[in-house]
Amino acid sequence: MLLSAVPAEAHGQNQPFVHGSDIQFSIRTDRRAYNIGDKIVIHYTIKNVSNGSLYVPASQWEIKCGNNPHLWSLIEDSSGKHYEPGFAGSCLGPNPIDRMSVSERMRKDALLLKPGQVVSGSFSFDSEVFAASLKPGAYRLEALLYGWNQPFDDSQLSELAMMGSPFLIGENAASLPVELRIAQR
């Protein structure tokens, strides 16, 4: 689903967020075929296609306690069944992130991209988790890029707006076909 962007200066206000149509998100893998149980390395690219600078996630995981992912992946078989790993974060003991202001946290969690600039990285999908359920055949590998889809109070919104450029919100998806096969012995 494509969301329409809200310009940062809409109606004279400095909006701290923009939607995913201001970026282009794409993925690639090293191969098109993998053995069931393999880790599939997903290389991603985020490109700023807007006319202004904006902040995008700097890594797969948020730095705050709870570890919400910015990048996630799943595979879908030919019948439409999804195979998606779970995740859990723990927050035992004091968390130094809790003492940071929202702008300090975002300086560690976000990367500023000027118009036309690109950032690339990689993360993986581990098919080992589903090895007993997966059958050989064609699948669709889907990667999701999540912005900062969380509530902020008025004080935090003001603080984010003062950082000078908006932050990505929403979700962007990219996909490509992969083949899974039984490992040769």
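A word before the first click: here, buried means under 20% relative accessible area, exposed means over 50%, and partly exposed is anything in between. Also keep in mind that this is a predicted model.

**Stop 1: a loop residue**

Select Ser53. Is Ser53 buried, partly exposed or exposed? Its relative accessible area is 24%, so Ser53 counts as partly exposed. You'll find Ser53 in the loop between strand S4 (39-48) and S5. Now show what surrounds Ser53: leaving aside neighbours within four places in sequence, Ser53 is in contact with Asn48, Leu112, Leu113, Lys114, Pro115, Ser165 and Pro166. Ser53 and Gly116 are 63 residues apart along the chain, and their C-alpha atoms are separated by 9.1 Å.

**Stop 2: a helix with two sides**

Next, select residues 102-109, which make up helix H1. Which residues of H1 are buried? Colour Val102, Ser103, Arg105, Met106 and Asp109, because those are the ones. Turn the view until you look down the axis of H1: the buried residues fall within an arc of 155 degrees, so they line one face of the helix. On the other side of H1, pick out Arg107 and Lys108, which are exposed.

What do the buried residues of H1 pack against? Show strand S5 (54-57), strand S8 (110-113), helix H2 (154-161) and strand S11 (167-168), and you have the answer.

**Stop 3: into the core**

Stay with Met106 and select Phe167 too; the two are in contact. Leaving aside neighbours within four places in sequence, Phe167 also contacts Pro16, Phe17, Val18, Tyr55, Ala110, Trp148 and Leu160. Which residues touch the most other members of the largest nonpolar core? Phe167 is one of them, along with Phe25 and Ile46, in a core of 41 residues.

**Stop 4: the five-stranded sheet**

Switch to cartoon view and find the open sheet of five strands, in the order S3-S12-S10-S6-S7, with mixed pairing. Strand S3 (33-35) and S7 stand at the edges, each with a single partner strand, so one side of each is left without a neighbour in the sheet. Zoom in on S6 and S7, which pair in the antiparallel sense over two bridges. Which residue does Ile75 stand opposite in S7? That would be Tyr83.

**Stop 5: aromatic rings**

A pair of aromatic rings is described by the distance of the centres and the angle of the planes. This model has seven aromatic pairs.

Phe125 and Phe130 are stacked, at 6.1 Å centre to centre and 15 degrees between the planes. Bring in Tyr139 to complete the picture: ring pairs link Tyr83, Phe125, Phe130 and Tyr139 into a cluster.

**Stop 6: salt bridges**

Select Asp38 and Arg31, whose side chains meet in a salt bridge at 3.4 Å, N to O. Asp38 is partly exposed at 23% relative accessible area, and Arg31 is partly exposed at 41%.

Then go to Arg140 and Glu76, another salt bridge, with the closest N and O atoms 3.4 Å apart. Arg140 lies in strand S10 and Glu76 in strand S6 (residues 71-76), so the pair ties together parts that are 64 residues apart in sequence. Arg140 is partly exposed, at 27% relative accessible area, whereas Glu76 is buried, at 19%.

Glu142 is buried, with a relative accessible area of 13%. Show the three residues together to finish the tour: salt bridges that share partners join Glu76, Arg140 and Glu142 into one network.

Key:
Residues numbered from 1 in each chain as written. Predicted model: local features only at pLDDT ≥ 70, side-chain atom pairs only at ≥ 80, totals over all residues. Heavy atoms only, no water. Buried < 20%, exposed > 50% of the residue type's maximum accessible area, 1.4 Å probe, protein only. Helix = DSSP H or I, 4+ residues; strand = E, 2+ residues; numbered from the N terminus. Arc of directions from axis to C-beta. Contact = heavy atoms within 4.5 Å. Phe/Tyr/Trp six-rings, centres within 6.5 Å; stacked < 30°, edge-to-face > 60°. Core = buried A, V, L, I, M, F, W, Y, C linked by side-chain atoms within 4.5 Å. Salt bridge = Lys/Arg side-chain N within 4 Å of Asp/Glu carboxyl O. Pairing = 2+ DSSP bridges.
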